[in-house]
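Me: Before I use this model, I want to know what the terms in its description rest on. I will ask about them one by one.

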Amino acid sequence: MSDPTTVVAVDFGASSIRVCRIGLGAAAPLVEVVHRHPHGPVSDGRGHLRWDWNRLVAEMEKGLAFALELGPVASIGIDTWGVDYGLLDGGGELVAAPFSYRDARTDGYRAVVDRIGESTLFSTAGLQLQPFNTIFQVAVHDREELDRARHLVLLPELLVHHLTGAILAERTSTGTTGLLDLATEEWSDALIDAVGFDRALLPAIQPAGTSAGTWHGVPVHLVGGHDTASAVLAMGPTSDEHTAFVSAGTWLLVGREQTAPDLSEGARRANFTNELGALGGVRFLKNLAGSWLLEGCRAAWGDPPLADLLRAAADAPADGALLDVEDPRFLHPDDMLTEVSNALGVPRETDPARVARLIVESQAAGTAAVVDQLGDVTRLAAFGGGAQSPLYLRALAERSGRTIMRGPVEATALGNAFAQGIALGVYSDLTAARRTLATQ
């Protein structure tokens with residue numbers, strides 16, 4: 001491993017895009033963020049939220065061009081958030097801009113749940129009930145758009161299609177949909193029929209590491225398309241059954257790696273989810289509200305610098321009511337600050353530092369509660385952008401009583417790169433790749 005191999009990791013978070021050049025094969029991966037672009041869903045003029053897809057694609061291409069200008073690369077990999085998708089017509093063009101999972105069109109998802117049955121949904125797909133799961137989105141998708149479609153492609157692979165023309169589905173992307181049969185790891189005909197669309201729309205499922213063509217002569221490989229799947233690959237140098245993780249970003253993803261899903265009645269009642277791992281196994285976890293809470297309030301406060309706000313929050317009182325960070329009321333409120341203030345039982349005019357402190361304490365308490373539910377956990381690996389917050393890490397240590405290990409801030413891009421490195425033969429397996437994180 002003396003000769004570094006450089007790859008490009010394109011990491012689409014739900015609030016920003018990062019394009020990174022990552023040198024693999026050295027003692028520790030070398031990460032250079034060459035392009036970053038903030039973004040969010042936009043109104044389509046008909047009361048729905050969609051992604052500004054043309055802008056997102058243009059920013060990706062800009063970042064890729066920057067990356068290639070800096071020197072040769074061996075591969076490109078793309079990850080995004082889960083559940084969202086685009087519809088392609090017979091010519092491979094988008095029927096319309098993809099809907100955002102924060103759109104309110106799925107608020108009536110319980111009707112679909114009741115028709116299929118909670119137990120059937122969980123025993124088949126193994127997912128936490130969330131209104132934005134793909135199965136619920138497809139159930140209410142505009143029929144005219146569906147009738148024009150020939151392919152339904154999840155967002156990571158939609159970007160791969162843009163670069164290479166390939167139409168594929170990657171294992172971890174499909175695992176977020178609620179349309180997969182976990183027992184077979186193939187599309188579930190029963191669930192597809194239950195929401196009334198054509199199975200022929202869904203591409204064949206391929207594993208991370210699959211070659212998906214080239215862009216400007218550079219090989220493009222599938223990686224853990226779901227960003228959490230990629231992030232967990234780079235959670236730290238080691239992982240065992242006593243180690244839980246929290247991937248801290250727009251969402252807090254709290255759970256652990258397991259060799260097999262837990263489809264027990266207890267897991268269903270506790271609303272856990274089983275997400276397929278990028279290189280095998282599953283992530284058994286819960287989704288909690290993450291930075292979305294604070295960012296929504298920060299906008300109402302005039303966008304004070306986040307670092308300044310968190311420093312002030314560290315000196316604010318920690319006592320008071322806490323938010324239920326699993327509550328769907330925080331998914332797409334019209335006014336996040338009003339929603340948070342009402343839930344905390346404080347006036348909307350309350351000092352921002354105090355509200356921010358209670359948000360962070362609520363997130364730490366929610367994370368600790370999930371770790372307690374997991375059982376025999378002694379260590380907690382925290383990584384991602386939220387792991388930069390000393391306030392959150394301190395509150396998490398106090399509330400969980402576990403040893404906190406701080407993992408990489410750019411864990412998602414690193415995990416993306418690890419999957420490429422294994423495909424290229426830079427690493428023999430994930431254990432070898434993770435071992436390079438020990439010196440970071």
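Me: Which residue of β14 is the bridge partner of Trp215?

Reply: Val218 in β14 is the bridge partner of Trp215. This is a predicted model, where local features need pLDDT of at least 70 and side-chain atom pairs count only at pLDDT 80 or more, while totals for chains, interfaces and linings use all residues. Residues are numbered from 1 along each chain as its sequence is written, and side-chain values use heavy atoms, with hydrogens and water left out.

Me: Why are β17 and β20 called edge strands?

Reply: The open sheet has six strands in the order β17-β18-β16-β15-β19-β20, with mixed pairing. β17 (273-276) and β20 (403-406) each have a single partner strand, so one side of each lacks a neighbour in the sheet. From one strand to the next, the twist averages 30 degrees.

Me: What is the crossing angle of α1 and α6, and what is it taken between?

Reply: The axes of α1 (residues 53-69) and α6 (residues 155-164) come within 12 Å and cross at roughly 65 degrees. Axes are lines fitted to C-alpha atoms, for helices over the stretch in contact, and the angle, from 0 to 180 degrees, is between N-to-C directions. Contact means heavy atoms within 4.5 Å. Trp53, Val57, Met60, Glu61 and Leu64 of α1 make the contact with Leu155, Leu158, Leu159, His162 and Leu163 of α6.

Me: How is that contact made up by class?

Reply: It has eight nonpolar, one polar and one charged residues. Ala, Val, Leu, Ile, Met, Phe, Trp, Tyr, Cys and Pro count as nonpolar, Asp, Glu, Lys and Arg as charged, and the others, Gly among them, as polar.

Me: What makes a space a cavity, and how many of 30 Å³ or more are there?

Reply: On a 1 Å grid over the protein atoms alone, a cavity is a set of points where a 1.4 Å probe fits but cannot get out; a pocket is an open set with protein on both sides within 12 Å along at least five of seven lines, and lining residues have an atom within 4 Å of a point. The structure holds three cavities of 30 Å³ or more. The largest cavity has about 60 Å³ of space, a volume being the space filled by probe spheres set on points joined across faces, edges and corners. Its lining includes Leu121, Asn133 and Gly178, and α3 (118-125) and α4 (134-139) each give two or more residues. By class the lining has six nonpolar, four polar and no charged residues.

Me: What is the volume of the second largest pocket, and which residues are closest to its centre?

Reply: The second largest pocket has a volume of about 380 Å³. Of its 17 lining residues, Pro41, Arg102, Trp292, Glu295 and Gly296 are closest to the centre. Helix α11 (residues 291-300) gives the largest share of the lining, five residues.

Definitions and conventions:
Helices (H or I, at least four residues) and strands (E, at least two) are DSSP runs, numbered from the N terminus. Two strands pair if DSSP finds at least two bridges between them.
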